[in-house]
Every structure is written in C-alpha cells, then in structure tokens.
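Here is a short note on the model, written as numbered points. Please read each point with the structure in view.

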Amino acid sequence: MKIISINAGSSSLKFSLFDMDTNTCIASGYFERVTLEGSFYTIKYNGEKIREEVDMPNHTVAVEVLLDRLIKIGIIASLDEIDGVGHRLVHGGDQYNTSVIITDEVIQDLRKYSVLAPLHNPANILGIEAVRKALPDIPMVGVFDTAFHQTMDKVQYLYPVPYDWYQKYGVRKYGFHGTSHCYISKQIPRVYGKEEYRAIICHLGSGGSLSAVRNGKCVDTTMGFTPLAGIMMGTRSGDIDPSIIPFIMEKEDKKVEEVIDDLNKKSGFLGVSQKASDFRDIYAGVVDHDEMCKLAFDKYVQTVVHYIASYYVELGGIDVLVFTAGLGENSSEVREAIVAKLECLGIYLDVEKNQVRGEEVNISADHSSCQIFVIPTNEELMIAQDTLSLIDNR
C-alpha cells in the first residue's frame, strides 16, 4: 500500500511517498516558487536528486506535475498504486483533537480557522483542492499540527486575560509542531522500555517548541495562540512583553502588522546576532569569538533551559529528555550547552555519546537522573501512518 504525505505552503509543496507495508520512504520532493516565476522541483529517488524547472502557476498544476513525474521517472507504474493522501494541516482550533478524513465540512472548518493561521491554512486548502481535482476517488486525511496538544488542561491552555476573549474569539494556547511531538511520544516507550513515562520533548530547528508529555499525552507546550510564542527561534522572538509592540509602533512609526512581521522574521538568532538566522552560521561566529553570535547562542540556550526547568516541575520530575528536529538532532554543541545547565537537576549527558548527528542514540551519562535521547523526527511518516489507519477503518 502506498500513501503520499503532502505539506502545501503558499508557494510550495512538499511530498513524501511511502510504502506502508515496510514504513519506508520511496521518494520525496519539494516543489518551489509555485505561483511565481522561476518555479522548479527536486525529487529524491533511488539515491539520486532530479531537478527540473517547470512553470507552475498554481497548486493544481504543481500536483499534476508531481503525479506525472512519479510515473515518468518510474517511481510508480500508474496512479492506481496510490491508496491515500495525507495532508499536514496547521490549525484545527480546539475542534480537532485527532486526524480526520477530509470532507467538505473539514475544508469549511479550515477556512474558519484561517484567521488563526492566515499564512498556513489557506495554503493547506489549496493543496487539498489540487489533490482532490487530480485524484477525486482517492481518500484524503488531514493531520493537524494542533491536535496532539489538545490534551492540555484549561490551567495550561488558558491565558490570564478576560475570559470572554476565549469564549468569543478562541484566544488560548493551541501549540504547534504537534505531528513531530506525537511521533516522538510514540517512539519513547520503545527506546525507554516502559509505557509509563514523564518526558520533555525538545523540537529544535529554525522554528522550535518544547512539550511536556506524560504517558503519550501532552501536558503543556511552548508555542501558544500562534507559532510566535515560546522559545527564541531562527527569526522569531519567542516570548516577549506585549507592551513592546505599541512602544515600537510609536518609536518606529510602524503599524502593528509591521511590528509582528519584525517579531516573526527579523528577531531570534537574526535579531540578536544581527548577522544570521541559521544556527550553523551563529556557531561559526561563536568559534570565531564573535560577541553577538555568542550572545545569541547563550540567549537561545537560556530560553530552552527555562522551559525545561518549568516542565520538570510541572511533571514532578522527568524520566526522559528528547532532542529532535534539525538543530536538536544535529548539534552536539547545543545539546551539551543545554544539559550543562540542568546538572542541578541531576541531568547529565555523556560527552562522547553526544558526538552524533541525525542518529537515534541514548546520550545520557550513567549517573544521570533521567535518560537523554536523540531521536530523529519523521512528521511525514506520522502523517502517512495516520492516513493508513483512517482509510483502513472507513
């Protein structure tokens, strides 16, 4: 059985094709600059990377090109081999706490929640409509970024603001990166050896979030009403005093949208260092004794440690600490710097074991109070697995 996982952006479309009999990725690709001039795609298959420039004025054409190339390249013999399509959906409000078969009603709900994710939900809808047009008889499943975090209690997800903001407008913490956090939570029993556990999952990348998880259920998470909240990120500020916004509006003569744009696109590593948003460039600056890069590095570590300490108390201690996503999986320096600040909690890593990139490994020291793992995430496989489960049980 073959299933495609789709992640549609406003001008992009990512896909992974899985053989669900073996849970292996057959091919993957990225269609870029959709709707713009100079559009192109890259497809990885059989250890090769195929790149072609092709005009893709909309997502419907992008999907048509994708399906055409899957056959022309010989990845599949015909479209009949595709049994289902899973879509990454960013925001399902508090209505969706699990993945669902996509119907007209689901699409309408996505439109309703677009006000909460204006950059993402409309793009997700474009991807759904494009696939539906190309493969009208193939079942589609929506996998929500927000779903995993819907097990939070009100104490965790409510903000201390007028309660009618929540009642009227849905102002609350939703959390994001849920597909990744869910995938990792399902791997923990296997690597830890027990079904019952208290864990903190650190999804660290250009965007990043942490979650506190008890026995596979989310207790709390760092991102909030939008993905801007929580830890410092590549270009996002994370938590700040909201009074900064009107202050800067007045001082810089900017509109609120412009300040929010600055917090989303010009802050984080980029804002502090004034040089780069990519951690690799930041760490190169640290090695070269660049003062601002060192400040950005230290600030980042501090924001992650702040939440780990908070969640440690919230869970009443932890059994497992997990690092995942691009930075969490590949930067031994970040992991070491974070864990060094946790030694007061009895948490220690083994420096030699920590010298890994993108591998699943236990990096904790023998005397550590909890197990520390690096576990590569696989959101695309999680989407495919949820899709398989739902179409099998229709």
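1. Strand S3 (residues 24–32) pairs with strand S4 (residues 40–45) in the antiparallel sense, over six bridges. Strands are DSSP runs of E with at least two residues, helices are runs of H or I with at least four, and both are numbered from the N terminus. Two strands pair if DSSP finds at least two bridges between them. Across this pairing, Glu32 stands opposite Phe40 in S4.

2. This is a predicted model, in which local features need pLDDT of at least 70 and side-chain atom pairs count only at pLDDT 80 or more, while totals for chains, interfaces and linings use all residues. Residues are numbered from 1 along each chain as its sequence is written, and side-chain values use heavy atoms, with hydrogens and water left out.

3. The open sheet has eight strands in the order S5-S4-S3-S2-S1-S6-S8-S7, with mixed pairing. Strand S5 (48–53) and strand S7 (100–101) are at the edges with a single partner strand each, so one side of each has no neighbour in the sheet.

4. Helix H2 (residues 104–112) packs against helix H3 (residues 121–134) at an angle of about 155°, with the axes 9 Å apart. That makes H2 roughly antiparallel to H3 (the term covers angles over 145 degrees). Axes are lines fitted to C-alpha atoms, for helices over the stretch in contact, and angles run from 0 to 180 degrees between N-to-C directions.

5. Residues in the contact include Ile107 and Leu110 of H2 and Ile125 and Ile128 of H3; contact means heavy atoms within 4.5 Å.

Conventions
Angles under 35 degrees count as roughly parallel, over 145 as roughly antiparallel, 65 to 115 as roughly perpendicular and the rest as oblique.
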